[in-house]
Amino acid sequence: MQKKIIKLSIILLIIFIIGVFFIGLNKNSIYDTKGLVGQKITEIKLDHFSKNKIITAKDLSKNNFTLINFWASWCSPCRDEHPILVELNKEKNLKLLGVNVKDKKNNALEFLKDFGDPYDDLARDEFGKHSVNFGIYGIPESILINQDLIIIKKFIGPISKNDYNYIKDTVRKQ
Amino acid sequence: MRIKIIIFFTMLNFNILNAENFSVDSNKIFKNLRCLICQGQSVADSNSEFAQIIKLVVKDQINDGKSEKEIYDFLIEKYGEWIVYKPPLNKVNFALWLLPYLVFITGGAIIFLRFKKRNNR
């Protein structure tokens, strides 16, 4: 009887260990943004780039769609995506909020002078701390949110032509 | 007078112990946070932009009086469970947390039964 119990326990333990490894190895261990899509952004407190004003969730809820773009003048992929942002600025249902991260004011202004200013509003995140509220871990990154401040999609890296088409289609459906 | 001195030192000692219990160790938190843009490095080990920002945010939250758990919860909400090396207990990793205890109990039971059998002989 005792032998049977021991055997059964060992077999169950082996099955359990295999099960744990199976679940563990099938789990995606690379950071992705799936968890963020559908989440509501609650804490928005961004310092305006030039005005003595704080951009809040209330400001963004006035727009049908908002694309929050995190950029800096020292970031070279930001230059690649900039012409696409200038194009997106033409969309009626979409407002662009630029967040200038860890940058010098003069350099940022020069960047916008050289490549064009696509932003309807511009905020400044001097130390990069506010970008943590948006789950940002590199620059450039962009977040498309709707009027209810729910994240529709997060774009890691520069916005590509495909991303541009996706954003355009999404905001035009409204 | 003697009683007053004893009460004073007892209170002082109690306050010091309490302060130690409630203080949050930022280094301990940094070590348990994964640098998402580095390979195999914690936030404590890394000097990347991301790690530097996370360090600032954690320090701010400690100054705001947030507990270790609240800080982890905030970062998990923003970056997912992948950001912590020691994930919190939930439905998905329940089995993983249970495994060491189960192995320990089963092993103990096997050893106990063996000894019992040997003694009976």
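Strand 1 (residues 45–48) and strand 5 of chain A pair in the antiparallel sense over 2 bridges, with His48(A) opposite Ala123(A) in strand 5. Strands here are DSSP runs of E of at least two residues, and helices are runs of H or I of at least four, both numbered from the N terminus. Two strands count as paired if DSSP finds at least two bridges between them. This is a predicted model, in which local features need pLDDT of at least 70 and side-chain atom pairs count only at pLDDT 80 or more, while totals for chains, interfaces and linings use all residues. Residues are numbered from 1 along each chain as its sequence is written, and chains are lettered from A in the order in which they are written.

**Strands of chain A**

Strand 5 (residues 121–125) of chain A also has strand 4 (residues 94–101) as a partner, this time in the parallel sense over 5 bridges. In that pairing, Leu97(A) stands opposite Asp121(A). Strand 5 of chain A is mostly covered, with 4 of its 5 residues buried. A residue is buried if 20 or more other C-beta atoms, placed from the backbone, lie within 10 Å of its own; it is exposed if 12 or fewer do, and partly exposed in between.

Now to strand 6 (residues 141–146) of chain A, where 5 of the 6 residues are buried. It runs antiparallel to strand 3 (residues 65–71) of chain A, joined by 6 bridges, and Ile68(A) faces Ile143(A) there. Strand 7 (residues 151–156) of chain A is another antiparallel partner of strand 6, over 5 bridges, with Ser142(A) opposite Phe155(A).

| Strand pair in chain A | Sense | Bridges |
|---|---|---|
| Strand 1 and strand 5 | antiparallel | 2 bridges |
| Strand 4 and strand 5 | parallel | 5 bridges |
| Strand 3 and strand 6 | antiparallel | 6 bridges |
| Strand 6 and strand 7 | antiparallel | 5 bridges |

Strands 6 and 7 of chain A form a hairpin with 4 residues between them, and Leu149(A) in the turn has a positive phi of about 65°. Ile150(A) sits in the loop between these two strands. Ile150(A) counts as partly exposed because it has 13 C-beta neighbours inside 10 Å. Leaving aside residues up to four places away in sequence, Ile150(A) touches Gly38(A), Lys40(A) and Ile145(A); two residues are in contact if their C-beta atoms, placed from the backbone, lie within 7 Å. Thr42(A) is 108 residues from Ile150(A) in sequence, yet their C-alpha atoms are 9.1 Å apart.

Chain B has 5 helices and 0 strands. Of its 121 residues, 15% count as buried. An automatic or database domain assignment divides chain B into domain 1 (24–88) and domain 2 (90–121), whose C-alpha centres lie 35 Å apart.

Helix 5 (residues 94–120) of chain B has 27 residues and should span 39 Å at 1.5 Å a residue, which agrees with the 38 Å between its end C-alpha atoms; the expected span is 1.5 Å times one less than the number of residues. Helix 5 of chain B bends by about 30° at Pro100(B), the bend being the angle between axes fitted to the seven residues ending there and the seven starting there. The number of buried residues in this helix is 0, so it lies largely in the open.

Finally, 20 residues of chain A are in contact with 21 residues of chain B.
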